[in-house]
Amino acid sequence: MENDIFFKTVTGTSQGGIISPLLANIALDGMEEALGIEYRKWKMHGKYHYVNKSKYIMIRYADDFVVLCKSKEDAENIPNLLEDYLKERGLILSPEKTKITELKEGFDFLGYNIRSYQGSDREKVLIKPSKKSQDRYKDKVRYLSQYATSGNVEWFINSMNSLTTGTANYWKIGSSNKTFENMDNFVFNTLIRLIKKWYPTKSTGWAYKKHFMKSQDEKHNDNNVFTNPETGTQLIKMSWTGIKYHLCIKYKATPYDSEYDEYIEKIKFKSPFKCLFK
């Protein structure tokens, strides 16, 4: 629909539509088998687990995927292994989006940067919000601040709280504590510039005392929380969000297979959050 005129769409799917990732999951089912990835039962501490003993490890979300391996030669062979598999589905790898890199150099995936860092005793792989993802959050803060005035503080706080909560919940599965602090500092500096603009005839100290108050939430011992003095509504800080790491769902568990009925029964009354996070 454009300018009240309906145009029939015969190809493609709408950007952001739920059907798009569903179709991608259907079309790309079986990619692990094309790469020769197999999972085998492995007994550890008296319990059986499924372990990938193959040359490759694949992580896929809809049509975005990463394949991990140990050597450059194996990495360069991946397009050859996937060529026939993708051709059957009328697909090809995008040359612009396909990248071969070492883990120590890192790569971006779904708003995160995955990279190995040399620690004091060993290398550590950390997953952090990517720079592009952080820049997008900052741009949205700047956009909201452009329309913030002393007369619509309530709207500004509510809009910022929605933005910060959503972003923090997405980032909280990684090593994001430092990023949360940096984003809070960025927002604080933005707020200082705002209140200076709102009250040009008043001192910064006066404006600060008017809008920065003690947190109403006893969990946060914070005396510098941006507040609407008329309503008491307060701005959430990103650093208040705790880090929650993902839990692995049992291998091939699905409610459509009776083999996993007992497992599904245990988790079906849990919220998705409790199923996925520690």
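Reply: Start with the whole chain. Among contacts with a separation of 6 or more, 48% join residues 24 or more positions apart. This is a predicted model. The chain has 9 helices and 9 strands. Buried residues make up 29% of its 278 residues. The exposed surface comes to about 19800 Å², and carbon and sulfur atoms supply 52% of that.

Me: How do you know that the length of helix H4 fits its number of residues?

Reply: H4 covers residues 131–146, which is 16 residues. At 1.5 Å a residue they should span 22 Å. The end C-alpha atoms are 23 Å apart, so the two values agree.

Me: Which residues of H4 are buried, and what makes them line one face?

Reply: The buried ones are Ser133, Gln134, Tyr137, Val141, Leu144 and Ser145. Viewed down the axis of H4, they fall within an arc of 120 degrees, so they line one face of the helix. The face turned away from the buried side carries the exposed residues Lys131, Lys132 and Gln146.

Me: What covers the buried residues of H4?

Reply: The cover includes strand E7 (123–129), helix H5 (153–171) and helix H6 (177–198).

Me: Why is Ser133 called buried?

Reply: Ser133 has a relative accessible area of 10%. Buried means under 20%, so Ser133 qualifies.

Me: What does Ser133 touch, leaving aside its neighbours within four places in sequence?

Reply: Ser133 is in contact with Gly111 and Trp171. With Trp171 there is also a polar contact, side chain to side chain, at 3.1 Å. The cut-off for a polar contact is 3.5 Å, and 3.1 Å is within it.

Me: Which residues of H6 are buried, and what covers them?

Reply: Among them are Phe180, Met183, Phe186, Leu191, Ile195 and Trp198. The cover includes E7, H4, H5, helix H7 (204–211), E8 and E9.

Me: How many salt bridges does a search of the whole structure find?

Reply: The search finds 7. The general idea is that side chains of opposite charge can pair when their charged atoms come close.

Me: What makes Asp74 and Lys55 a salt bridge?

Reply: Their side chains meet at 3.6 Å, N to O. The cut-off is 4 Å, so the pair counts. Asp74 lies in helix H3 (residues 72–88) and Lys55 in the loop between strand E2 (47–52) and strand E3 (57–61), so the pair ties together parts that are 19 residues apart in sequence.

Me: What makes Asp222 and Lys237 a salt bridge?

Reply: The closest N and O atoms are 2.7 Å apart, which is within the 4 Å cut-off. The pair links distant parts of the chain, 15 residues apart. Asp222 is in the loop between strand E8 (212–213) and strand E9 (225–226), while Lys237 is in the loop between E9 and helix H8 (261–267).

Me: Why is Asp222 called buried, and why is Lys237 called partly exposed?

Reply: Asp222 has 13% relative accessibility, under 20%, so Asp222 is buried. Lys237 has 22%, between the cut-offs of 20% and 50%, so Lys237 is partly exposed.

Me: Why is Gln216 called exposed?

Reply: Gln216 has a relative accessible area of 56%. The cut-off is over 50%, so Gln216 is exposed. Its place is in the loop between E8 and E9.

Me: Where does the side chain of Gln216 meet the backbone of Gly232?

Reply: The backbone oxygen of Gly232 lies 2.7 Å from a polar atom of the Gln216 side chain. The two residues are 16 apart in sequence and 8.6 Å apart in space, C-alpha to C-alpha. Leaving aside its neighbours within four places in sequence, Gln216 is in contact with Gly232 and Gln234.

Notes:
Residues are numbered from 1 along each chain as its sequence is written. This is a predicted model: local features need pLDDT of at least 70, side-chain atom pairs count only at pLDDT 80 or more; totals for chains, interfaces and linings use all residues. Side-chain values use heavy atoms; hydrogens and water are left out. Helices (H or I, at least four residues) and strands (E, at least two) are DSSP runs, numbered from the N terminus. The expected span of a helix is 1.5 Å times one less than its number of residues. Buried means under 20% relative accessible area, exposed over 50%, partly exposed in between (1.4 Å probe, protein chains only). The arc is that of the directions from the helix axis to the C-beta atoms. Contact means heavy atoms within 4.5 Å. A polar contact is a pair of N or O atoms within 3.5 Å; within protein, one must be able to donate a hydrogen and the other to accept it, and residues adjacent in sequence count only if both atoms are side-chain atoms. Accessible areas come from the Shrake-Rupley method with a 1.4 Å probe; for residues, only the protein chains shown count as cover.
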